[in-house]
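Me: Please take a close look at the aromatic rings of this model and at how they pair. I would like the cut-offs stated along the way.

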Amino acid sequence: MRTFVRCGQLFSGREDDARKGEILVFDQQGVIEYAGPEAASPRRARSDQVLDYSGCFVMPGLIDVHTHLAYGNAKSEEDIDLYSPLEFRTLRGMFFAQKMAAAGFTALCSPGDAGQISLSIRNAIRAGLFDGPRVMAAGPYITSHQGLTDWYPTWIGAPETSIGKLVTTAAEAVEEIRRQTKNGVDCVKIAMDGIQRRDDDGTLVAAFTQEETDIMVREIHRHGKKAVVHARGREATLYSARAGADLIFHANHLDDECIAAMLETGSMLSPTMTQPRNVIDFTQPHEPAGQRGRPEHAQREYEIGCANWKKARAAGVPLLTGTDTGFAVTPYGEWNARELELFVDDLGFAPAAALRAATEVNAHFMTEGDRIGALEPGRAADFIVLDASPLADIRVLQEKDRLQAVYIAGKEIRIPDRPYDPRQVTDFALSNWIELYTRERVAELRQQRPVLAAAE
């Protein structure tokens, strides 16, 4: 039995225009046999079924290359690392992976999670135990004392339940890579810098030397896996590009030397714009992030990044869409399509180019990328159906009521919109107050809160 899909407009992911009045045909295994004019399509048998989306816009399922399934919409790093057992995080991650599929994201990369959370979610979906997106899975970040995820004081160290694996030598890093590849990861993530800056010029310090980076990336590639890195500063970006990392996240401070190295080795770039943009737009003044000036810092870094990402794109570096989903400002399935809007508004992409970035271009990085990202014969029938055209307005991808259907391997995925209480799912940190209630502070608040005046 085959399935014939009538499309009002068909955006294949291979070209910038949507074709009108075309049809998709896929087999029982969910593999596309035909995509083109209905008049030239295969002859339909009695047993074949027809899906009539002749009034809709049909396009490849969206791909997000930066979604952390283990984070749980966290409000703090402690929420990510400490307060939930790995088993609960895995179940929670499956719930949130399904929210991604319900939002039209049929594939994602989860680059850096504790334990084997992402691997377990990937394997359960592949085995057919649960419906969900295709998952490209990683283990914990490989980090040093200068890298992301080594958040805690040296007298505490890096917990075993952390999203990062602290290594102190190149040999330890290689051993960790071998352990992760034995477990079956699709990619290995390296935290190439973090938050430590030099005293003299304020630049971010790379977590590893060029030699150490070369050793790690070479070992990852020797195992046939993809090397992905977190790198915001110039030094970390340059070392990663020279080593041939497959995908560099952020790279706000890249320069011409970094761009040249990326072009030489074939490194791709995911700016990851949604998370900082949401920090800027959503953080409230009373929140700890607001009190520490994080939105202002994010704004400065965002502006620097946009200028440099435009240069990288103009030079020919592929830009991939990813959101850093999994934080309280980037909850699963809520803002993932905003990345495309930001590509259009802040990087100068045409809507069609943004759509192709989130489908065909992203697929070049993904595991089994030659099977997804485009609607053409031989590829999986992963597609979404919209009642409006994102070529006319890229923001329609963020409107849930515009999404009419989601298909993965030819199967319609229907995920009920189940609400949840964050206090029972993620918010387990033992924080009780955000203020220090000195007599002076209480006096300032007396007019706003009468109960404080009564206590005075």
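Reply: Both Tyr71 and Phe327 are buried, a word that stands for under 20% relative accessible area, with exposed meaning over 50% and partly exposed in between (1.4 Å probe, protein chains only). The model is a predicted one, in which local features need pLDDT of at least 70 and side-chain atom pairs count only at pLDDT 80 or more, while totals for chains, interfaces and linings use all residues. Residues are numbered from 1 along each chain as its sequence is written, and side-chain values use heavy atoms, with hydrogens and water left out.

The structure holds 13 aromatic pairs, where rings of Phe, Tyr and Trp (its six-membered ring) pair if their centres lie within 6.5 Å, and planes under 30 degrees apart count as stacked, over 60 as edge-to-face and the rest as tilted. Tyr71 and Phe327 form an edge-to-face pair, because their ring centres are 5.2 Å apart and their planes stand at 75 degrees. This pair links distant parts of the chain, 256 residues apart: Tyr71 belongs to the loop between strand S5 (62-64) and helix H1 (77-81), and Phe327 to the loop between helix H10 (294-315) and helix H11 (338-347). Helices (H or I, at least four residues) and strands (E, at least two) are DSSP runs, numbered from the N terminus.

Phe383 and Tyr407, by contrast, have ring centres 4.5 Å apart and planes at 15 degrees, so this pair is stacked. It too connects distant parts of the chain, with Phe383 in strand S14 (residues 383-386) and Tyr407 in strand S15 (residues 403-408), 24 residues apart. Phe383 is buried at a relative accessible area of 0%, and Tyr407 also counts as buried, at 4%.

S3 runs antiparallel to strand S2 (residues 19-26), to which five bridges join it, and Val25 stands opposite Tyr34 in S3.

Rings also meet charges here: the charged end of Arg313 sits over the ring of Phe349, 3.6 Å from its centre, and Arg44 lies over the face of Phe4, at 5.7 Å from the ring centre. For this, NZ of Lys or CZ of Arg must be within 6 Å of the ring centre and within 35 degrees of the ring normal.

Technical notes: Pairing = 2+ DSSP bridges.
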